[in-house]
Every structure is written in structure tokens, then in C-alpha cells.
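Dear colleague,

I am handing over the structure below, together with an account of what was found in it. Please read the two side by side.

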Amino acid sequence: MNYNQRNPIFSFRLSDYRKSKLDKLAKLDKTSANEVARKIIDKYLANELIEKTEDLDKEMIKLRIEKLKNEIEYQKLKINYMKNFDKPMSASATRILKPQIITSGNATGAVINASDATIAETISPYDEKNNRIQCVECGSLYHWKDRDEFLQQKYEFELHMTNKHNRAMSYLEKTVLDDLSFSGAST
Ligand SMILES: [Zn+2]
């Protein structure tokens, strides 16, 4: 194998724009554009240059936008209901609607680290299965045996939001509680 066979010459065309970039790099390196191009190819073949992969940040932003879209869609539905029926959506309708929105978010992995405020806006505090109220932020439970206790516990829940979480009830929490009427003891 002679020198030419061991070190073959390559020849290819580049755009003028690329060439001027190579010229700039060559100037910085005090070498030729040809030499810079050779080094780049050499590095790439030696696995020292890595091809650009899908930007993770971009992916995160896409998911956040998807999540916001779902939340906006949900708010729109609630507002439209308000406009059409002149009253807030019932707790039962909210409960039926909400999981669809949340699930569609999860299906695309869009619900990531929902803030406490988002949780309070999207998850009902009423646990229908056990007929009790549960704080969606800390899990505190509110049970009742009779109507008096039921009314007392609704009030306690509101106080809990103010005292423990320093906030007023979210629109959803308020709607659910307003709509919730006594239907027997908690289980
Ligand atoms: Zn709590």
C-alpha cells in the first residue's frame, strides 16, 4: 500500500456560507479551511463529535403547553356551562368531566409536577366512594355521621384551606362543596 492508497484525497463541494464559516475557524486556528474540514470529519468518525439529539427542554415545553391546553379546555367548558345554564356546573358533572381531561393529559405524559394550585383546580375534594371530603393538598379527611356534622365538616374544610394552606377554596372546591348535599353518613 503506497502513500496515496493509505491517505486518499477527498474532494467535495460546500456552500459559500459553509466555506466562509470554515475560513473563520481556520483563521482562529491559524490553519487552512481544508484542514479544519478534515479535522471535523476525523473527529466525527472517531466518535468525538455527537449528532444533535432531540432537545429535552423543547420536549418539556411541548408537554407543559399540552397540559396548559387541557386546563384551558377544562376552564372553557366550565365557563360555557355557566353561560348556557346561568349557574356553575354541578359537582357531579364536574366529577365526570374532570377525569377525562386529566386522563388525556396523562396519556401524553403531559401532567408533570402539577402545582398545588393546579391540583386544587382540577381534582375534586369530594370522595364519592366513601362519601367524605378530602383535602387534595395534604390528604386531611372530613367525615360525618349526620346532617349537623356534615355542615360542620364543610365549614371545617373551608377553614382548613385558610389556616393550613393559606388560600381561599379554588373554584372547583367551592363548586363541589356548594353542590354537595347531605346524603347519609360517611363510610
Ligand atoms: Zn390540606
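In helix H7 (147-165), the buried residues are Phe-150, Gln-153, Lys-154, Phe-157, His-160, Met-161 and His-165, where buried stands for under 20% relative accessible area, exposed for over 50% and partly exposed for what lies in between (1.4 Å probe, protein chains only). Helices (H or I, at least four residues) and strands (E, at least two) are DSSP runs, numbered from the N terminus. The buried residues of H7 pack against strand E2 (132-134), strand E3 (141-142) and H8, with contact taken as heavy atoms within 4.5 Å. The 19 residues of H7 should span 27 Å at 1.5 Å a residue, and the end C-alpha atoms of H7 are 26 Å apart, which agrees; the expected span is 1.5 Å times one less than the number of residues in the helix.

Please keep in mind that this is a predicted model, in which local features need pLDDT of at least 70 and side-chain atom pairs count only at pLDDT 80 or more, while totals for chains, interfaces and linings use all residues. Residues are numbered from 1 along each chain as its sequence is written, and side-chain values use heavy atoms, with hydrogens and water left out.

Leu-180 lies in the segment after H8 and is buried, with a relative accessible area of 8%. Leaving aside neighbours within four places in sequence, Leu-180 is in contact with Tyr-126, Ile-133, Phe-150 and Lys-154; Phe-150 and Lys-154 are among the buried residues of H7. Asn-166 sits in the loop between H7 and helix H8 (171-179), and its phi is near 55°, a positive value in a residue other than glycine. Asn-166 is exposed, with a relative accessible area of 70%. Lys-30, which follows H2, is placed in the loop between H2 and H3; the phi of Lys-30 is near 50°, again positive in a residue other than glycine, and Lys-30 is exposed, with a relative accessible area of 79%. As background, most residues other than glycine have a negative phi.

Helix H2 (16-29) and helix H3 (33-45) are the elements that give two or more residues to the lining of the largest pocket. A pocket here is an open set of points on a 1 Å grid over the protein atoms alone, where a 1.4 Å probe fits, with protein on both sides within 12 Å along at least five of seven lines, and lining residues have an atom within 4 Å of a point. About 620 Å³ of space lies in this largest pocket, a volume being the space filled by probe spheres set on the grid points, which are joined across faces, edges and corners. Its lining has 19 residues, of which Phe-10, Phe-12, Asn-34, Arg-38 and Ile-41 lie nearest the centre, and H3 gives the most to that lining, with eight residues. By class, the lining of the largest pocket divides into 10 nonpolar, four polar and five charged residues, with Ala, Val, Leu, Ile, Met, Phe, Trp, Tyr, Cys and Pro counted as nonpolar, Asp, Glu, Lys and Arg as charged, and the others, Gly among them, as polar.

The second largest pocket has a volume of about 220 Å³ and is lined by Phe-12, Leu-14, Arg-18, Lys-21, Leu-22, Leu-25, Ala-37, Ile-40 and Ile-41. H2 and H3 each supply at least two residues of this lining, but here H2 gives the most, with four residues. The lining of the second largest pocket divides into seven nonpolar, no polar and two charged residues.

As for H2 itself, its 14 residues should span 20 Å at 1.5 Å a residue, and its end C-alpha atoms are 20 Å apart, which agrees. Lys-19 is found in H2 and is partly exposed, with a relative accessible area of 39%. Lys-19 and Ala-37 are 18 residues apart in sequence and 9.4 Å apart in space, C-alpha to C-alpha.

For the protein as a whole, there are eight helices and three strands, and from the N terminus on the elements run α-α-α-α-α-α-β-β-β-α-α. Of the 187 residues, 28% count as buried. Residues 24 or more positions apart account for 56% of the contacts with a separation of 6 or more.

With best wishes
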